[in-house]
Amino acid sequence: GSYAMISKSLSDLLTCSVSVQQSDSEHELFLQVCNMAANIMAAVKTSNGESEKHSTQAPMLHFVEEAFDIYGHVGETVARGTSKSTTADLNLHKILDRLLVLSFAAVEEAAGTMWASDGEQQQRGEKAGEASPPPSPPARPVNKSPDELAAMFSLLTVALRRSPALLINLSSGKDSFSRAVQAGTVAMNEKEVDASRSALIFLKTLADLKAAAEKDECSGATYKLIGSDIDESIDHIRHSVVNSTVAGACGLYPREVLDPAASLLSSFLQVASPEEAESVATASLQQGVFKLGDDAKRAVLVVLGKVAQGRGDPSLLMEVFETLWNLHQGEDAHTFAGGDAVAKFVRKYGQQ
């Protein structure tokens with residue numbers, strides 16, 4: 001209780017102080033403020049470890065996000081090592097790294113098995129990638145603090161945009177990043193809307209980094225330093241992301257996250273090779289949650305093919321997801337697989 005209050009007040013103070021103009025003296029102030037934040041995060045983690053009651057670190061994670069938004073580019077220059085850094089830059093990199101390591105520690109403590117060790121997650125990821133996917137997503141792990149989870153993925157999204165090399169090459173080791181990516185594939189299936197949306201947006205940011213590097217030489221040059229880590233992460237979770245978003249559109253997701261889910265699926269299909277895109281899209285429609293019959297499956301596959309090739313309007317998949325979700329709301333969806341609403345869906349979307 002008292003930690004939560006202190007954490008919230010301090011976060012507000014810190015966030016205000018971060019947005020001050022960036023001169024040397026403000027840099028100094030910022031570093032002091034960050035050290036204070038780091039000490040509080042460490043103390044709250046210790047206190048959470050010793051008591052039954054969980055104090056959320058969400059306000060402090062919002063502060064860390066703000067810090068990355070404003071100073072992340074400085075930490076990134078140091079992490080890339082491509083140009084000479086001043087002492088002030090090195091100090092900024094060091095404190096941003098420390099804050100991120102503490103953020104990971106906080107969320108691992110709150111999210112329990114969702115932030116499992118990389119090996120456990122890998123096995124789960126591989127199972128999700130098998131050719132005949134399970135009929136529904138695995139049981140959800142216990143999560144003590146959905147607001148903390150939402151705040152962490154929001155922070156990770158900003159860190160990935162502003163400082164990808166710093167995030168991937170954290171001093172605590174590369175597995176922090178790979179565990180975050182794996183946790184994202186679990187959190188995207190959370191019933192709590194903010195946590196789910198936040199994870200969906202983080203994973204989309206991952207695919208967007210790869211897409212930008214393929215389109216633009218400047219992004220491409222910087223991507224070389226981190227590209228293999230991002231490519232590996234995307235390859236590793238492609239099946240589970242495609243399966244989960246398609247299952248979500250068949251009624252498993254809250255309606256409010258259908259748009260970010262469709263957006264994530266579009267990005268993942270577009271950065272896959274045509275063969276991979278076709279393979280994962282086809283497998284995702286074999287899930288037991290799809291109850292509208294083979295004609296509707298073929299129509300969805302036509303749409304996913306267009307999306308993968310970047311044809312059609314970006315909102316096309318969002319529209320299809322909403323229609324699919326509505327069609328699956330009936331008590332017994334498969335009894336009307338041959339009904340008028342499904343026939344209309346097939347006519348509308350099944351044209352090549």
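Helices here are DSSP runs of type H or I with at least four residues, strands are E runs of at least two, and both are numbered from the N terminus. Residues are numbered from 1 along each chain as its sequence is written, and side-chain values use heavy atoms, with hydrogens and water left out. The model is predicted: local features need pLDDT of at least 70, side-chain atom pairs count only at pLDDT 80 or more, and totals for chains, interfaces and linings use all residues.

Start with the whole chain. It holds 16 helices and zero strands. Of its 352 residues, 52% count as buried. Buried means under 20% relative accessible area, exposed means over 50%, and partly exposed lies in between, with a 1.4 Å probe and protein chains only. Contact means heavy atoms within 4.5 Å. Among contacts between residues at least 6 apart in sequence, 78% join residues at least 24 apart.

Now to helix packing. Two packed helices are described by the angle between their axes and the distance between the axes. Axes are lines fitted to C-alpha atoms, for helices over the stretch in contact, and angles run from 0 to 180 degrees between N-to-C directions.

Take helix H6 (residues 146-162) with helix H8 (residues 175-187). They pack at an angle of about 130°, with their axes 12 Å apart. H6 is therefore oblique to H8. Angles under 35 degrees count as roughly parallel, over 145 as roughly antiparallel, 65 to 115 as roughly perpendicular, and the rest as oblique. The crossing of H6 past H8 is left-handed. That term applies if the near helix is turned anticlockwise from the far one by less than a right angle; clockwise gives right-handed. On the H6 side, Leu-149, Phe-153, Leu-156 and Leu-160 take part; they meet Phe-177, Ala-180, Ala-183, Gly-184 and Ala-187 of H8. By class, this contact has eight nonpolar residues, one polar and no charged. Ala, Val, Leu, Ile, Met, Phe, Trp, Tyr, Cys and Pro count as nonpolar; Asp, Glu, Lys and Arg as charged; the others, Gly among them, as polar.

H6 also packs on helix H9 (residues 193-215). Here the angle is about 15° and the axes are 8 Å apart. H6 and H9 are therefore roughly parallel to each other. Again H6 passes H9 in a left-handed crossing. The H6 residues in this contact include Leu-149, Phe-153, Leu-156 and Leu-160, and those of H9 include Ile-201, Phe-202, Leu-206 and Leu-209. Twelve of the contact residues are nonpolar, four polar and two charged.

Stay with H9, where Val-193 lies. Val-193 is buried, with a relative accessible area of 17%. Beyond neighbours within four places in sequence, Val-193 contacts Pro-254, Glu-256 and Val-257. Glu-256 sits in the loop between helix H11 (227-252) and helix H12 (258-270). Val-193 and Glu-256 are 63 residues apart along the chain, yet their C-alpha atoms are separated by 7.0 Å. Glu-256 touches Arg-197 as well as Val-193, not counting residues up to four places away in sequence.

Finish in helix H2 (residues 24-50), which holds His-27. His-27 is buried, with a relative accessible area of 15%. Leu-92 is 65 residues from His-27 in sequence and 8.2 Å away in space, C-alpha to C-alpha.
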